[in-house]
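Me: I'm new to this one. Can you walk me through it?
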Amino acid sequence: MKLLFTLLGNLSKLISLLVFLCGLVTLILAGVDFVEALKVVFEDATNKPALIAAGMLKTVDFVLISLVFFIFSLGISVLFTEESEEKTKMVAALPKWLQMKNLTELKIILWETILTTFVVSYIADLALHKVLKHGNFTTAQLILPGAVFLLAASLYFLKKGEK
């Protein structure tokens, strides 16, 4: 049985590392988007400020997505490694909002981060839609705000039920 727990601990470390690497790749993509948004300054384009703003919003969106990966990686490593003095010191050094003790707290932190990411993503899409003048808005563009509302309401009731 001890061998099984050791294997599961090592597997959780591997998963945590892979998720962290996904966060790094997403952060690199954010850097690429940032450079692309800055390149608009030197190009001859109409609506430069709007294009730059839309590019920056996409950059912020990628940074938030990478933040989701980093928090998930941290949560896996904190929650699924054996108790030790080193782990206790690491958890104590984290900001209070990142000190998770169980999966529910990790889920709530990720939930809040994903909601913020969805809102920024939707604003970036609206900005691009406005800049590129794709015409009228469609009902399909209301799916994401509806999902954000449902997720936010669910999070509210989950937090209210914990008290």
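Predicted model: local features only at pLDDT ≥ 70, side-chain atom pairs only at ≥ 80, totals over all residues.

Me: OK. By class, what does the lining of the largest pocket have?
Reply: There are 6 polar, 5 charged and 3 nonpolar residues.

Me: Which residues lie nearest its centre?
Reply: K13, F80, T81, E82 and S84 do, out of 14 lining residues. Two elements, α1 and α3, each give two or more residues to that lining. The largest share, 6 residues, is from α1.

Me: And what volume does the largest pocket have?
Reply: About 340 Å³. The second largest pocket holds about 150 Å³.

Me: What lines that second largest pocket?
Reply: V78, L79, E83, K87, T88, V91, M100 and K101. Here α3 gives the largest share, 3 residues.

Me: Switching topic. Which residues make up the largest nonpolar core?
Reply: It has 10 residues: V68, I71, L74, V78, L94, L98, M100, L106, I109 and L110. The most come from α2, with 4 residues.

Me: What is V68 in contact with, leaving aside its neighbours within four places in sequence?
Reply: L110, T113, I114 and T117.

Me: Last thing. Which helix has the lowest mean pLDDT, and which the highest?
Reply: Helix α3 (residues 85-93) is lowest at 82, and helix α1 (residues 2-39) is highest at 91. The protein averages 86, and 96% of the residues score at least 70.

Methods
Residues numbered from 1 in each chain as written. Heavy atoms only, no water. Core = buried A, V, L, I, M, F, W, Y, C linked by side-chain atoms within 4.5 Å. Buried < 20%, exposed > 50% of the residue type's maximum accessible area, 1.4 Å probe, protein only. Contact = heavy atoms within 4.5 Å. pLDDT = per-residue confidence, 0-100. 1 Å grid on protein atoms, 1.4 Å probe; cavity = no way out; pocket = protein on both sides within 12 Å on 5 of 7 lines; lining within 4 Å. Points joined across faces, edges and corners; volume = space filled by probe spheres on them. Nonpolar A, V, L, I, M, F, W, Y, C, P; charged D, E, K, R; others polar.
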